[in-house]
Amino acid sequence: MSKLLSRRRFGGLAVTALAMPTDAAGERMVKIPASGGDFDDVAIQRALDRGATTVLLTSTAYRISTTIVVRAGQTLAAKGATISAAQSPTGQLRDIGTHVAMTDFCVLRDVHIVVEAGDASFVANRTSSVIRMEGSGSRIERTKVTVRPGRTATYSPVAITVWGVGVVDNVIQDCHFTGCGLYYSFGSAQRTIVRRCVFLRAPQNALTGLCTVTSLAAEGHVIDGNTILYPGRMGIEDFSRIQDVPAKVIRGSHIVNNRIVSEATGRPMPEYFAISAVGLDSVIEGNCIENWPTAFCIEVGGGRGALIRRNQCLWTDGNPNRVVAVQVQEPEYSGRQLVHVTANRFVRPFKALQSRGQAVLFSDNVVTDPIRSIVDYDRPAGTAMIYDNIVTVDSSRPPDVADRILFFVPGRTDMRRNRITYRANALALTHDYGIFAGGDGSIFDGNSFTVDGRAVPGTGVIALSTNGMRPTGVRVSGTRSKGPVRADYSNMPGLQEPVANQWSGGVIGKARLGR
């Protein structure tokens, strides 16, 4: 530390003045104890306004009545201090409740901000935010925001909002949020990183990225390694309105290595999806979603080039609410980039993939005990490519599920090298269906079907059928099967069998058809 007293000469007079202390690196540091009774924001802001590089809060609790503004090159830090707003009916906090506003290249570290239920200085609506990052290149580290229960407003308070047009390269890491979520983009922020944070019981979304302007895309965000427990609406929503004219675009978000947990009982259920990414070129990779109880685990926009890879969607509770693992929405704009769903693990999904008018590459996935289907297209959509998946069906379908059809594709299908195994008790009710092929020129090559153990008499697997459709030019080759596994060729005019198929349960319809 430098000396607090310095001597300067003015017109021959020696003047003694207080100098701001500095650390070894020459940074100007000010330590602010709590007042013990009065509001503390005046002292904190005065130190920042006078050019302190670091303002360190050394007491345990601070009360503020106005927004604290941290500017370029400054750090507001604490050693476990708690900041709470005054219960002021006039609401002096800026922008409907901002406790701390951050401009360019500043830091907030080790601070705990508490928003009390019924705090009149915080009017909760869609734009309410405890902390606003209004510039570029800033960091929030090891900070906690707690919104205590009891609020009844339409929108819950947001812990942090990265706010503005062209705001770039902000980082939020190693933080903890209770009763609130955050916006990593509101406007058209770019390249925000949110990593290693914990979100507990956010009443709405835990994390939200929005593009709300047409002048600049919100792009390049990274949401990495966060833990999201029991959100009230969605875990992560990465949202843009590409169908608008002009479009509001979010692009290239990487949602990776996050853990999202919910459950069907014991708490209010979330309204929508664990992850919704309907922007362009999204990457959803390495996430683990456990017991999600509503709608879909992962939703992406059709025709937008999404990559869904190495995720896990698990239902250890048996999936009582019939939740779909991945839904691909129909394209809402002119592009039709392929969606890739690859190398994921799905345990007890109602459906592993549901596509609404978008061709998908579904490959190298491991699916265990689907309730109704693995791939389900609700309409023809280009060519469905289904390669190298491993499927195990462990249990019989529930009584309220009329048919279990593992692969239902009404359009053209290219299905190769998939390995499907039924345990014997999976066929306890009646026949199961493997593939319903409805598209002309479909290809089924090198797939295998096995019934492991003895099936109940009168049951079995109809591995290939047409659901009453009459596709022409279907090509079936290299099929291997074991147990009561049959093919139904009766509605396949012009079927081609260039390589012999082994249907261990026989063939319905013509045994030899056109080559």
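Modeller: A residue counts as buried under 20% relative accessible area, as exposed over 50%, and as partly exposed in between. The model is a predicted one.

Side chains of opposite charge can pair when their charged atoms come close. There are 21 salt bridges in the structure. One of them joins the side chains of Arg-356 and Asp-378, with 3.8 Å from N to O. Arg-356 belongs to the loop between strand S38 (351-355) and strand S39 (360-363), while Asp-378 belongs to the loop between strand S41 (373-377) and strand S42 (383-387), so this pair ties together parts that are 22 residues apart in sequence. Asp-378 has a relative accessible area of 44%, so Asp-378 is partly exposed.

Asp-378 also forms a salt bridge with Arg-379, and here the closest N and O atoms are 3.1 Å apart. Arg-379 has a relative accessibility of 29%, so Arg-379 too counts as partly exposed.

Another salt bridge is that of Asp-432 and Arg-404, whose closest N and O atoms are 2.5 Å apart. Asp-432 is in strand S47 (residues 432-437) and Arg-404 is in the loop between strand S43 (390-393) and strand S44 (405-409), so the pair ties together parts that are 28 residues apart in sequence. Asp-432 is buried, because its relative accessibility is 1%. Arg-404 is buried as well, because its relative accessibility is 1%. Whereas Asp-432 is buried, Asp-378 is partly exposed.

Salt bridges can also link up. Arg-109, Arg-139 and Glu-141 are connected in a network of them.

The side chains of Thr-479 and Asn-501 are joined by a polar contact of 2.9 Å. Thr-479 sits in the loop between strand S51 (475-477) and strand S52 (480-482). Its relative accessible area is 3%, so Thr-479 is buried. Leaving aside residues up to four places away in sequence, Thr-479 touches Asn-447, Phe-449, Ala-500, Asn-501, Gln-502 and Trp-503.

Definitions and conventions
Residues are numbered from 1 along each chain as its sequence is written. This is a predicted model: local features need pLDDT of at least 70, side-chain atom pairs count only at pLDDT 80 or more; totals for chains, interfaces and linings use all residues. Side-chain values use heavy atoms; hydrogens and water are left out. Helices (H or I, at least four residues) and strands (E, at least two) are DSSP runs, numbered from the N terminus. Buried means under 20% relative accessible area, exposed over 50%, partly exposed in between (1.4 Å probe, protein chains only). A polar contact is a pair of N or O atoms within 3.5 Å; within protein, one must be able to donate a hydrogen and the other to accept it, and residues adjacent in sequence count only if both atoms are side-chain atoms. Contact means heavy atoms within 4.5 Å. A salt bridge is a side-chain nitrogen of Lys or Arg within 4 Å of a carboxyl oxygen of Asp or Glu.
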